[in-house]
Amino acid sequence: ITNDWEGQIHPGHMTAALRRKCLTLGIDVLTNFDVTSIEQDTNYRISARSLEIKASKVIICNNAFAKDLVDLETTAGRNQVLLTSPLDNLSIHGCYHYDRGYVYFRNVGNRVLIGGGRNIDQATETTDHFGDTKTIRTYLTKILERHVLVNQEYTIDYEWSGILGFNETKQPIIKEVASGKFVAVGLGGMGVAIGSLVGKEVADLLLQS
């Protein structure tokens with residue numbers, strides 16, 4: 001089954017482009033701002049370990065981590081990712097899904113990126129802690145060797161993990177949870193694909209309030 005319209009987005013380039021656009025519009029972007037609480041008095045007080053800022057309205061959009069700031073029925077899931085060394089005569093180009101979409105792989109230039117497999121160890125991977133496990137790494141490399149890079153030598157140059165946010169409806173949660181407090185979370189592993197639309201919808205909701 002093919003879909004000619006599935007695109008490949010580089011999340012790093014996407015984030016950098018968003019940051020540049022924000023700066024041209026006079027929007028400040030704070031990173032490493034580990035929010036510990038959001039309290040309401042006259043305005044919202046958004047507290048971190050060493051800083052506090054105030055806002056008349058707030059959108060919480062940190063997906064699986066939102067449950068630490070607001071009462072939501074969301075579940076975290078870890079997704080592990082591997083990126084191979086550059087390869088000569090790479091035969092795959094485009095995005096591929098395997099095992100009901102639990103595994104995803106694609107080319108990144110002349111490398112192969114593969115990620116997922118959390119379904120084979122659901123108990124361990126239902127977590128909001130970053131990291132990797134030998135079980136998932138072995139599973140992903142076996143898929144590479146049996147189905148993607150058959151009889152082709154490679155090494156894993158980079159590996160990392162990300163935390164996905166899920167909820168029972170399998171639909172993103174976009175709503176006002178208190179006066180002036182909004183959430184846009186629970187993207188179900190589809191954040192890169194639907195994140196821009198979810199952002200627009202929650203921004204429209206805030207502007208209309």
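Is Phe105 buried or exposed? In this predicted model, Phe105 is buried, with a relative accessible area of 9%. The ring of Phe105 also has a partner: Tyr96 and Phe105 form a stacked aromatic pair, with 5.1 Å between the ring centres and 5 degrees between the planes. Tyr96, for its part, is partly exposed, at a relative accessible area of 31%.

The structure holds 2 aromatic pairs. Phe65 is partly exposed, with a relative accessible area of 25%, and Phe130 counts as exposed at 54% relative accessibility.

We can now turn to the nonpolar residues. In soluble globular proteins, nonpolar side chains tend to be buried together. Here, the largest nonpolar core has 17 residues, of which Val112, Ile114, Leu140, Leu144, Val148 and Leu149 touch the most other members. Strand S7 (103–108), strand S8 (111–116) and helix H3 (134–148) each give two or more residues to this core, and H3 provides the largest share, with 6 residues. Leaving aside residues up to four places away in sequence, the contacts of Val112 include Leu82, Leu83, Leu87, Leu90 and Ile92, as well as Leu144, Val148 and Leu149. Apart from this core lies another, of 12 residues, including Ile38, Ile46, Ile60 and Ala66.

Technical notes
Residues numbered from 1 in each chain as written. Predicted model: local features only at pLDDT ≥ 70, side-chain atom pairs only at ≥ 80, totals over all residues. Heavy atoms only, no water. Core = buried A, V, L, I, M, F, W, Y, C linked by side-chain atoms within 4.5 Å. Buried < 20%, exposed > 50% of the residue type's maximum accessible area, 1.4 Å probe, protein only. Helix = DSSP H or I, 4+ residues; strand = E, 2+ residues; numbered from the N terminus. Contact = heavy atoms within 4.5 Å. Phe/Tyr/Trp six-rings, centres within 6.5 Å; stacked < 30°, edge-to-face > 60°.
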